[in-house]
Every structure is written in C-alpha cells, then in structure tokens.
Amino acid sequence: MDEIDLKGFSKLSRKERFQKLTQLGLISKEDVKLLLKSNFLDKDLAEDFIENSLGYFPMPFGIVTHMNINSKDVVVPMAVEETSIIAAASKTAKWVKSSGGYIRANRISKEGLGQIQFPVLTNAETFVGIVNSNSAQWVELCNDSVSNTLFKRGGGVKNFSPRVLKREDGKLMGVVHVTVDTCEAMGANIINQVCEFMRAVIEEATAETGSLCILSNLVDTNLTKVEVVLENIEKTLGEKIEEASIFAETDPYRAATNNKGIMNAIDSVLIATGNDWRAVEAGVHSFTNKDGKYTSLSKWRYKEGKLKGEMTLPISVGTVGGVTRLHPFAQLSMKIMGTDTVDKLCEVCASVGLVQNLGALRALTTVGIIEGHMKLHIKNLTLSAGAKETEAPLVQKKLEEILKLTKRISLSQAIEALSEVRLRIKEGSSGGVKDVPSK
Ligand code: MEV
C-alpha cells in the first residue's frame, strides 16, 4: 500500500497544507478554490476549533415553523442535509396545532455525570461504606476548590455514590459516580476535572487504586420529558399510529429506525446550536437500552379521538462553553429560538424530536415514506444529474411522472431524463415529456 506521508501537517499554514495535498494528488486546484470559498466567516474559526483544518463543510441551515411549545410559539433552527426533515417537522407541528392539541415539555432533572473507575477492589464492602459516608464531605471539598466557580453560579458537585460491578474474571470493580450541576454549560471539562481531582482523594480514603476518570454520556440524571397531544384524530389513523408505536416498542430493529427519525430532528438542532450531538446520540441510545432491551424512545396511544405521544430522554447540552458562544451560527440559532437557557434548548430538542417522530409515523401508516421523501429527493437527483436552472423544471416533471407510475426514482433515471430534455430542447421542442419508462 502506498504510504501517505503527512508528518508535520498540523504545523503547516493553510496554503502549505493545500500544496502538500495537491502534491500528493489528493486534491486538485479546483478543490483548493472550493475549500477557500467555503470560508465566509469573518474569523477563521476552523483553525481555532480543530487541527489540520482545510476549510468548512457548509450544511443547509433552515427553520421549522408552527412549533408551539408550552403555549409559546418557537421557531426552531436546524442544520441538516436530509431533504425532508424540516418540511416534515413543520408540517407535523402545524397538524398538532390545528388539531387543537399541544406540545408540553419539561426538563425534569439537570445533573451531569462523571465516573472514577477502581479496576479491581480489594474490599468492596469497605469501599462502598467509605464512599457513602464521605460523600457530603467530598462535595464540600470540590465546591470549595475545583468546582468553586460553578458553585458560585448556583451549580457545583452534588453527590458521590459507589457502584460495584462483577468483571468477567470474577473480580469486583468499583466505580464512583459523581453528579454535577453544570448550570448553562454541557460541562464535559468540569466533570472530567472533578473526577481527576477526586481520584487521589478517594484512593487515599479507600486504600483502593483508581484508573479512568471520565464523564458518562448515559446521563439518566439529566432528563427532559415531552408530551404531544392531538385532538379530533380519525380512529383509523390514530390506531395505525398506535400500532406503529407498538412495533417500535417491541422490536429493536424497528426501534433503531424509529429513534433515528427522532434524532433526525434533535441532531439538527444540536448542530445548529453548536452542541455535541455525538454525546447526545450516545446518551439517548444507551438510555433506551437501560433495562437490557433496546426499545423505542417514544410511545403513542390513541383513545377516543385523542392521540397522545410521550418521550423522556437524556439531553446534555450547553449554551456556554465549547463552540456555542464562538460560532456565529450557534448564536444566531439561539437568537432565532428566543432563548439562551439550557432548559429551553432541552425542551425544544425533545419537542421537535417527538413531532418529527409523529410525522414519520403518520407518513409510514398512510402514504408511505417514499412520497414525502422522494418528492423532495427529486430536486436533489435533478441537481446531481447536472441539470441547469432552465432544464431543472422539465427534468423534475419527468421524474415526478416516473415516481407516480413506478413508486421509485433513481439517479440513472434523472440522468436519462436530463438527456431526453436536452435532446428535445436541441430539437427545438421543450414541451411536455410524453413517454415514461416502465422501470
Ligand atoms: C428517515 O431518516 C427516518 C425514518 O426512517 C424514521 C422512521 O422510520 O420512523 C422515516
């Protein structure tokens, strides 16, 4: 295999990085132009945020309309590339509103979680006793020192608790859980600092040897609950949505897709607000598996015209720290939402997640997912096929006809449609497209 030597790449200037990659044949002069064009921010944040940066990966940025959460209209910003997400969320939010229903969301707990590992305990019982009896004193110690700034802001370390886990070799492992109210920050750094600071203290008190100090993304101590209710729903539709929900509650294969749909919305808001969506993804999926069976995040039930959805999930976000205050789009997103609090951001994420889920279930139980997805996808295919502005409407029309007939559409059909359109234009007839292939 050819070796690609990129030693010292991070020390190079942006221009030198482009030269290096061009020499290696990894990018062309055209690619360099594209990368240079991708930076439209006043300040080159990429250099500050990551190593080896080349430029930016622009993503569509838009808003979900018609969301009304806790009796207040909220415009929800999203950064997302998947075609139908914003359209489906807006349409479904409008449906909830017009049915006379509501969306109610509430952050019900708000502590981050850290872990200190003690790989092999010599005396598990003593370890548990010492951690329990020292918890209050250690909380005070942290809040006087390592978490003092947070404590002064109204947060800080809250509790230390021991866990004992059986390893596969039969030995016992100790884990100390630290809960921290991180106020308006997601708090990864401060939680890790608290854990690292406390390892030596706990080692000394317990005479056990510690190892890993790291936050946990399974933040069942930081939960947001949301309820979506629709009124006057037709019985057949309501029951079908309930059945679709039971499918996801029962079968992990369906649950994964159901939950992916929920995260379509949540991740898009997290990206738009500069939050760590990987952390939330990890937390959400492990949370649904907490009883040893991966299941649906959401639950929908229908009764006498009323369709009710519920969901409780861990959402660990910040409105300060990380890139949240540095990235101008993250700031713009918070401004559009009209808030700067973590509580509100959690409520918005949970609400839009459950609304997105409802939109998917409604489509799946009625027209099917193809219609909503593919209609918008036609635009993408038309662009991917290389259609110019004047050609695009004709190609789209042809693809819509194919979709209607065959229920599917592909890039090769878009390319074929484009060549036909070009041929007709060339022949001087840009009129309607008559023949539709049967495949
Ligand atoms: C596609 O991105 C998301 C869905 O598959 C979600 C679902 O099936 O519930 C439509």
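Domain bounds, as used below, come from an automatic or database domain assignment. The model is predicted, so that local features need pLDDT of at least 70 and side-chain atom pairs count only at pLDDT 80 or more, while totals for chains, interfaces and linings use all residues. Residues are numbered from 1 along each chain as its sequence is written, and side-chain values use heavy atoms, with hydrogens and water left out.

**Exercise 1.** Determine which domains and helices line the second largest pocket.

*Solution.* A pocket is an open set of points on a 1 Å grid over the protein atoms alone, where a 1.4 Å probe fits and protein lies on both sides within 12 Å along at least five of seven lines; its lining residues have an atom within 4 Å of a point. The second largest pocket has a volume of about 650 Å³, a volume being the space filled by probe spheres set on points joined across faces, edges and corners. Of its 29 lining residues, Ala88, Gly359, Ala360, Ala363 and Ile369 are the closest to its centre. Two or more residues come from each of α4 (85-98), α9, α12 (342-365) and α13 (369-385), these helices being DSSP runs (H or I) of at least four residues, numbered from the N terminus. The most is given by α12, with 8 residues. At the level of domains, at least three residues come from each of domain 1 (9-108 + 224-366) and domain 3 (370-427).

**Exercise 2.** Describe the lining of the largest pocket by position and by domain.

*Solution.* The largest pocket has a volume of about 1200 Å³. Among its 35 lining residues, Phe49, Ile271, Gly274, Val323 and His327 lie nearest its centre. The elements that contribute two or more residues are α3 (45-49), α7 (188-206), α9 (252-272), α10 (277-288) and α11 (328-337). Domain 1 (9-108 + 224-366) and domain 2 (112-215) each supply at least three residues.
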